[in-house]
Amino acid sequence: MQEPLLLAELKPGRPHQFDWKSSCETWSVAFSPDGSWFAWSQGHCIVKLIPWPLEEQFIPKGFEAKSRSSKSDSKGRGSPKEKTLDCGQIVWGLAFSPWPSPPSRKLWARHHPQVPDVSCLILATGLNDGQIKIWEVQTGLLLLNLSGHQDVVRDLSFTPSGSLILVSASRDKTLRIWDLNKHGKQIQVLSGHLQWVYCCSISPDCSMLCSAAGEKSVFLWSMRSYTLIRKLEGHQSSVVSCDFSPDSALLVTASYDTNVIMWDPYTGERLRSLHHTQLDPPMDDSDVHISSLRSVCFSPEGLYLATVADDRLLRIWALELKTPIAFAPMTNGLCCTFFPHGGVIATGTRDGHVQFWTAPRVLSSLKHLCRKALRSFLTTYQVLALPIPKKMKEFLTYRTF
């Protein structure tokens with residue numbers, strides 16, 4: 001396939017009062033689930049909320065048709081404006097609520113009576129001091145401030161169902177569950193990790209929560225009982241990133257050991273490993289972590305993965321292959337995420353930049369669409385119990401591709 005092409009790059013205008021280098025990183029980037037907004041933690045305590053698609057001046061000629069979604073109703077509503085959120089602390093984690101969120105008058109009426117009783121999109125920001133700030137995207141208003149964590153809030157994840165349950169992962173070695181429909185009430189603390197928790201991901205069917213800390217094992221929790229289901233053992237170094245497939249049937253984890261492991265979250269079985277070998281060998285062996293992974297994510301249709309590693313490469317992987325199908329050179333990458341409608345990958349860097357890359361556009365096969373539909377509501381055990389041929393079971397459980 002064609003190598004990913006750089007569509008656009010956004011660079012922060014440095015505030016003059018801030019000149020320290022250590023707080024300029026883009027630790028997190030996120031698209032809203034409906035694809036209408038992009039959130040960029042640009043460093044120096046600032047989050048930019050950017051309407052998507054990008055303004056014409058950011059995108060080279062020839063890419064407008066591919067990257068710009070057609071929204072016939074956007075003109076009638078008036079174009080949304082870019083917003084700057086000053087969080088007052090270094091921003092580590094970002095998460096949009098599902099769109100549209102159910103009406104939850106209690107949440108905003110208490111703080112902003114002028115906000116109408118309609119569904120609205122919100123953004124959660126995880127901060128350096130352990131606070132979580134909740135913002136209304138359309139207005140840029142601060143709605144809530146959630147306190148409880150004792151250290152950096154490294155990652156955030158909303159339940160995809162729209163229930164406004166938020167999970168936070170922190171360097172205080174805990175995960176916390178918040179109910180934003182109840183004024184941000186903390187409803188559970190999940191303990192058990194012995195190191196900083198780097199990443200949390202909720203399965204699209206809202207049944208499971210995966211958490212990755214600076215440990216070799218990954219924890220799987222029940223989102224119904226908030227209890228530990230199992231630990232996944234297989235990595236040789238700290239696991240730093242995790243993501244579920246769109247049908248909840250697969251879980252991928254990325255580690256400093258240079259490997260991505262693909263798991264069956266229902267059985268705990270290790271299905272495949274993707275090893276990040278260097279394209280060019282180093283001149284010496286002084287940097288043993290040159291291929292350490294930073295981030296992994298699934299594409300929206302579930303047929304591709306993207307990974308960012310310290311060897312300055314963005315890699316695209318096809319689910320059925322053990323070697324990357326495409327590479328793109330990027331310096332100091334920290335995070336990556338797919339546009340929810342496909343075709344674009346956003347990456348954040350240690351320098352505070354965001355880069356947008358072309359991603360594979362694919363028409364899913366009927367076989368894959370059927371598998372995805374079935375696996376969205378059937379566990380691995382339920383598939384194995386079906387009175388169907390063995391080969392079909394193997395395909396449906398991703399044992400064969």
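A residue counts as buried under 20% relative accessible area, as exposed over 50%, and as partly exposed in between (1.4 Å probe, protein chains only). This is a predicted model, in which local features need pLDDT of at least 70 and side-chain atom pairs count only at pLDDT 80 or more, while totals for chains, interfaces and linings use all residues. Residues are numbered from 1 along each chain as its sequence is written, and side-chain values use heavy atoms, with hydrogens and water left out.

**Salt bridges**

- With a salt bridge taken as a side-chain nitrogen of Lys or Arg within 4 Å of a carboxyl oxygen of Asp or Glu, the count comes to six.
- One of them pairs Glu82 with Lys48, whose closest N and O atoms are 3.4 Å apart.
- This pair links distant parts of the chain, 34 residues apart: Glu82 is in the loop between α2 (74-77) and β5 (83-86), and Lys48 is in strand β4 (residues 46-51).
- Helices (H or I, at least four residues) and strands (E, at least two) are DSSP runs, numbered from the N terminus.
- Glu82 is partly exposed at 45% relative accessibility, whereas Lys48 is buried at 18%.

- Arg399 and Asp264 form a salt bridge at 2.7 Å, N to O.
- Arg399 is in the segment after α6 and Asp264 in strand β20 (residues 259-264), so the bridge links parts of the chain 135 residues apart.
- Arg399 has a relative accessible area of 28% and is partly exposed; Asp264, at 0%, is buried.
- Glu269 also forms a salt bridge with Arg399, with the closest N and O atoms 2.5 Å apart.
- Because Glu269 lies in strand β21 (residues 269-275) and Arg399 in the segment after α6, this pair ties together parts that are 130 residues apart in sequence.
- Glu269 is partly exposed, at 38% relative accessibility.
- Salt bridges with shared partners join Asp264, Glu269 and Arg399 into one network.

**Helix α4**

- His368, Arg371 and Arg375 are buried in helix α4 (residues 366-375).
- These residues cover an arc of only 60 degrees around the axis, which puts them on the same side of α4; the arc is that of the directions from the helix axis to the C-beta atoms.
- The cover over the buried residues of α4 includes α5 (380-384) and α6 (390-396), where contact means heavy atoms within 4.5 Å.

**Annotated spans**

- An unreviewed UniProt entry annotates residues 365-401 as "domain: SOCS box"; such annotations may be inferred rather than shown by experiment.
- Residues 365-401 are 59% helix and 0% strand, with end C-alpha atoms 12 Å apart.
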